[in-house]
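Subject: Structure handover and notes

Dear colleague,

I am passing the structure below on to you, together with my notes on its sheets and on a few residues. Please read the notes with the structure open beside them.

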Amino acid sequence: MSDQDPTQVVNDIRAKVGPKRRVVFVSGNFNVLHPGHVRLLKFASELADFVVVGVLPDTSSGVTVPSQLRLEGVLSLSIVSSAVVLNVPPQDFIALLKPDVVVKGAECATLDNPELASVESYGGQLVFGSGETQFSSFDLLAREFENVSRSTLVLPMDFPHRHGFSLVDLRQSLARFAGLRVLVVGDLIVDDYITCDALGMSQEDPTIVVTPIETKTFVGGAGVVAAHARGLGGDVTFITVVGRDEAAEYARTWLDTHGITVHAVVDTTRPTTRKQRFRANGKTLLRVNHLRQHAISLGLAKAIVRQVDECLATTDVVLFSDFNYGCLPQGLVEAIASRAEERGVLMAADSQASSQMADISRFKRMALITPTEREARLAVRDTRIGLAILAERLKAAADARNVVVTLGAEGLFILAQKGDGHLADRLPAFNTTPKDVAGAGDSFFTATSMAMCAGVDVWQGIYLGALAAGCQVSRVGNAPLSHTDLLRELGGPA
């Protein structure tokens, strides 16, 4: 804003705010962001919906860092809605913006505050406070959730050499994702990540005591598969089952914001599946599941089939994302699969069994299935055989074209088409220091399936899927991937 009309800047901010939202304003030098800054801004964010930060100009006392760098630092915080470099005194900017609340540090309460007259002129409120002292730093917390630690990703080059492709080929293949028509069918999950300070052990009983700091809510399950597909360039339709509750409304709004067409069948006998993860020091302490696992009724299954029938004429690939909470009973899977086969639509399936039972082999004639080793062994009912035999037996049981067994930190075991036959190979994990492994399988499944739908060689598709998983586990929470995330790792433009 240093050379902009402050009135126009204020008008631009007000346009972003929208109706019925409270605005809070904070100003300062912000030379190098530290926990004190973040606590102050967190305190401000608790007083209003829209946080505006005024960065003082380079000529101000105490400034040691150029204004553009200070502005970029402030904007990197998720709790900041808008930030500007001021070219007028803060009190003059406040008089134009008329925020509901102006926040200054607690140490300013006994000083002269020229902002007070401006705030009182329109009936605003000047509040002094620096936020609560926490052992966790909110700037680090924001990076944990939102930033990808790319320095931890290592792309193995022997695999591309064995299968005859390069990073340039992968960038070109990734471009083919644009406009793919993707239909996702499966269980919607709403995930809450509750970050806590671990205070210690209770003196009354052997219980860990924590204080919640921040809650981040993500749409997970098949919902994040749909969001990954959209972020990677697809036109996405999502069919699922929800309860009649707040979690369903949140998910609908979030999915709509991300440009996903949603057909949600309401089941009044269950809540929308919700999982809460309580985390401290980068580790999950406890997960609480709010769900029902009974199969949906025949009437609801028929309603889903009708929705599928309406969508298949304009669908390139069907992704079954099954969490075994009752959304995809066997009769429904067979009905959808037979219809997709009749139209020649590619199909892929992932059926998860973390705390529940699953059988990935019930999804027949898929182009791709992506079980964990545990899920694969559950399907073939054998805990002893080696990976090569395991993959071959699962391929036969499911009549699948390609099987990828995910092995967590050990990477992938692959049994995929090569020429007229099948070849077994392994691919190591691209990220050996993950922050949160919860979304690895969903991102791998989505990217690999879309690549195969786009006509990309399956080995290239698997490599792109492994790259997607590496990016995804570099941050906490199941936020959707974007085309740019993968392209940047492949040496393409951001």
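This is a predicted model: local features need pLDDT of at least 70, side-chain atom pairs count only at pLDDT 80 or more; totals for chains, interfaces and linings use all residues.

Residues are numbered from 1 along each chain as its sequence is written, and side-chain values use heavy atoms, with hydrogens and water left out.

The mixed sheet

Strand E7 (residues 188-201) and strand E11 (residues 274-280) run parallel and are joined by 6 bridges; strands, like helices, are DSSP runs numbered from the N terminus, with at least two residues (E) for a strand and at least four (H or I) for a helix, and two strands pair if DSSP finds at least two bridges between them. These strands belong to an open sheet of 4 strands with mixed pairing, in the order E8-E7-E11-E12. Its edge strands, each pairing on one side only, are E8 (208-221) and E12 (283-290). From one strand to the next the twist averages 20°, where axes are lines fitted to C-alpha atoms (for helices over the stretch in contact) and angles between N-to-C directions run from 0 to 180 degrees. Helix H9 (residues 222-231) packs on this sheet and touches E7 and E8, its direction making about 60° with that of E8; contact means heavy atoms within 4.5 Å.

E11 and E12 pair in the antiparallel sense over 7 bridges, and Arg-277 stands opposite Arg-287 in E12. The two strands form a hairpin with 2 residues between them, and Asn-281 in the turn has a positive phi of about 55°.

Met-201, which is found in strand E7, counts as partly exposed because its relative accessibility is 49%, given that buried means under 20% relative accessible area, exposed over 50% and partly exposed in between (1.4 Å probe, protein chains only).

The parallel sheet

A further open sheet consists of 5 strands in the order E3-E2-E1-E4-E5, with parallel pairing. Its edge strands are E3 (82-85) and E5 (125-128), each of which pairs on one side only, and the twist averages 25° from one strand to the next. Helix H3 (residues 67-75) packs on this sheet, touching E2 and E3, and its direction makes about 170° with that of E3. Strand E1 (residues 23-28) and strand E2 (residues 50-55) run parallel and are joined by 6 bridges, with Val-52 in E2 as the bridge partner of Phe-25.

Leu-126 has its place in strand E5, and it counts as buried because its relative accessible area is 16%. Not counting residues up to four places away in sequence, Leu-126 touches Val-102, Lys-104, Asn-113, Leu-116 and Val-119. Although Leu-126 and Phe-25 are 101 residues apart along the chain, their C-alpha atoms are separated by 9.6 Å.

With kind regards
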